[in-house]
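These are my notebook entries on a structure with two chains. I record what I looked up, in the order in which I looked.

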Amino acid sequence: MTSAFGSAPVGRGDPVSTPARPTRPSAARAPRKRWARAGGTGWLFVLPAVVMYAAFVLRPLVLTIQYSFYNWNGIGVARWAGLDNYLTVFTDSDLLKIIGNALVLIVFFSFVPVALGLLVASLVRRITTGAFGTVVRTVLFLPQVIPLVAAGIAWSWLLSSNGLINQLLRAVGLGGVARAWLGDFDTALPAVGVIGAWVLLGLCTILLVTGMSKIDPALYEAARLDGAGPIREFFAVTLPSLRQEIGVCLTVTIIAALASFDIVYISTSGGPGLQTTVPGLEIYRLAFSQRQVGLASALAVVLMLLVLLCVLPIQRLTRGDKS
Amino acid sequence: MNLSRRENLTGRIFLLVLVVVTLLPFVSMLSAALQPRGTVPSGLAWPSDPQWGNFADAFTVANMGALLRSSLLIVAGVVPVSVLIATMAGFGLGQLRVPGGRIVFGLLLLGLTLPFEAVVTPLYYQMQDLGLLNTRWAIILPLIGLYMPFAVFWMRAHFSNVPVELSEAARVDGSSTWQLFWRVQVPLAKPAIASLTILMFLWTWNQFLLAIVLVDDPAKRTMAGALGAFQGQWGTDLVLLCAGSLLILTPTLIVFLIFQRQFIKALIQGSLKG
């Protein structure tokens, strides 16, 4: 900043007034000084985080994109492959099925917890305080706290042929339906979905209940006076007021579905066949078992874009209007 | 009045059902873990002679002492550093508003939705080049980086809400930015820092993908990663597997129950802000 810039506002600003003159140079210097302080020392504060982020996130991210244009077995010389790996991702029937599996999981990981959460939340919006409320909140959060690996093991046991689910089915005379749910071609993917729904239902419910407790009760009174029943009330008052919370639930759960790995790895390892293989698992396999680093990276890039493609519109829809 | 009371009752019943469904997997695992070794347990049956010794067996077989130590070392390597540098960055971006801060923040936002799978392959080769593969550093260093988007986002949100006048008052007293940070800002940020610490502890403890990719030896992994190996080895011995899983998830439950207030608040705010 030169003095020429510093004095530029003088002509524009106030008409000649002598008392202002002595303060002007200092006024011009003050921001410069603050800039230097904030810029110099300030950057020292930001730098460590940026360095770690750049070294262990941005750099690998760029490398993933780079690898995706090569054929490489991880050891030998990498050969330029252009868009071949992407072509494979979008044409190979197995890989398409795997991406499809992740999309199916969205139904279980996202839609089910959000829909059920909304139902429960609208029923319980008055029961969130007191001892009962605390216990409920604590319990519903448990699946969110434990390692997903443990959730996978617990549910593998629950859904196995001797497990609790089949025991219950037999008890109510539905023994004919009983099966090894995670090993059956038709039920494996939905069964994995159920595990995800169990993990995420509590989080969604609590988020929605919290959001609901913030809705102005006058809105409900007004709706009642207009003769709205519970269902009309839900669509006219509750749902629109919860837009932001629903957006958050959808965002978190859709990412969990598309990027799922732990639960699938533990409960089915992707089987039977490819029935429950998800992109995360396939990236792991391609890169570390089959040594097709290029293809694995292309799939990783596609997964990343898929997440953005699903999440960004939700953010715009649920957030943009409010601000 | 009548209507709302009935509504209350339906609500309570629904919640109760939900609570039972949430707890069933834990209870079922406990009932299996208490059966005699070598038997094939069935879904949910309280054992006539509960074998609490199974937990001791699982502890020995899984080498739980070494696993606990390893997990704690990883947590000790990840959490304090992450919290410190994220707090500093949050202060720089939210309070000092450094020039170019918006660009940095935008870059960090980019990482907020990033699946770990997207970077794990290059991280493997990066760790190999650094000679850190199969050491705990291979988990510690990338985790710090991967936590930065959320952690900085979280701390910046806190510091943006602290009035700038406070910093200016401290400046007039002649304190340097460093003093201002430690004496004025950090004490004020304690609740935000506490929540962040709890979240990061749990995420580190439960981290699975990085652990199985970057470290072969289960005794150098996180708890979740070790549990994966344990399942591979003892998957057929259901009694032991359930006992081991319960042991491994217990520390997370304890931490959660102690800090549940902050934790629930943190998770709710964390996802609302995210």
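**Entry 1: the chains.** I began with chain A, where I found 14 helices and 2 strands. Helices (H or I, at least four residues) and strands (E, at least two) are DSSP runs, numbered from the N terminus. Chain B has 12 helices and 0 strands. I note that this is a predicted model, in which local features need pLDDT of at least 70, side-chain atom pairs count only at pLDDT 80 or more, and totals for chains, interfaces and linings use all residues. Residues are numbered from 1 along each chain as its sequence is written, while chains are lettered from A and ligands numbered from 1 in the order in which they are written.

**Entry 2: burial and contacts.** I took a residue as buried if 20 or more other C-beta atoms lie within 10 Å of its own, exposed if 12 or fewer, and partly exposed in between, with C-beta atoms placed from the backbone. Of the 323 residues of chain A, 43% are buried. In chain B, buried residues make up 48% of 274. Two residues are in contact if their C-beta atoms, placed from the backbone, lie within 7 Å. Among the contacts in chain B with a separation of 6 or more, 73% join residues 24 or more positions apart. For chain A I read 73% as well.

**Entry 3: where the chains meet.** I counted 77 residues from chain B and 77 residues from chain A in the contact. Several helices of chain B give two or more residues to this side, among them H3 (64-96), H6 (137-160) and H12 (238-273). H1(B) gives the most, with 16 residues.

**Entry 4: the nonpolar core.** A nonpolar core is a set of buried Ala, Val, Leu, Ile, Met, Phe, Trp, Tyr and Cys residues joined through C-beta atoms within 7 Å. The largest one has 179 residues, and those that touch the most other members include A:Ala49, B:Ala89 and B:Val152. Helix H8 (residues 188-213) of chain A supplies the largest share of this core, 17 residues. I then asked which residues B:Ala89 touches. Leaving out residues up to four places away in sequence, I found A:Phe45, A:Val46, A:Ala49, B:Val152 and B:Met155.

Entry 5: Helix H8 (residues 177-188) of chain B has 12 residues and reaches 15 Å from its first C-alpha to its last, close to the expected 16 Å. The expected span is 1.5 Å times one less than the number of residues. In H8(B) I found B:Thr177, B:Leu180, B:Phe181 and B:Gln185 buried. Seen down the axis of H8(B), these buried residues fall within an arc of 95°, so they line one face of the helix. The arc is that of the directions from the helix axis to the C-beta atoms. The face of H8(B) turned away from its buried side carries exposed residues, B:Gln179, B:Trp182, B:Arg183 and B:Pro187. I also checked H11(B), whose 12 residues should span 16 Å and whose end C-alpha atoms are 16 Å apart. Its buried residues include B:Met223, B:Leu227 and B:Phe230.
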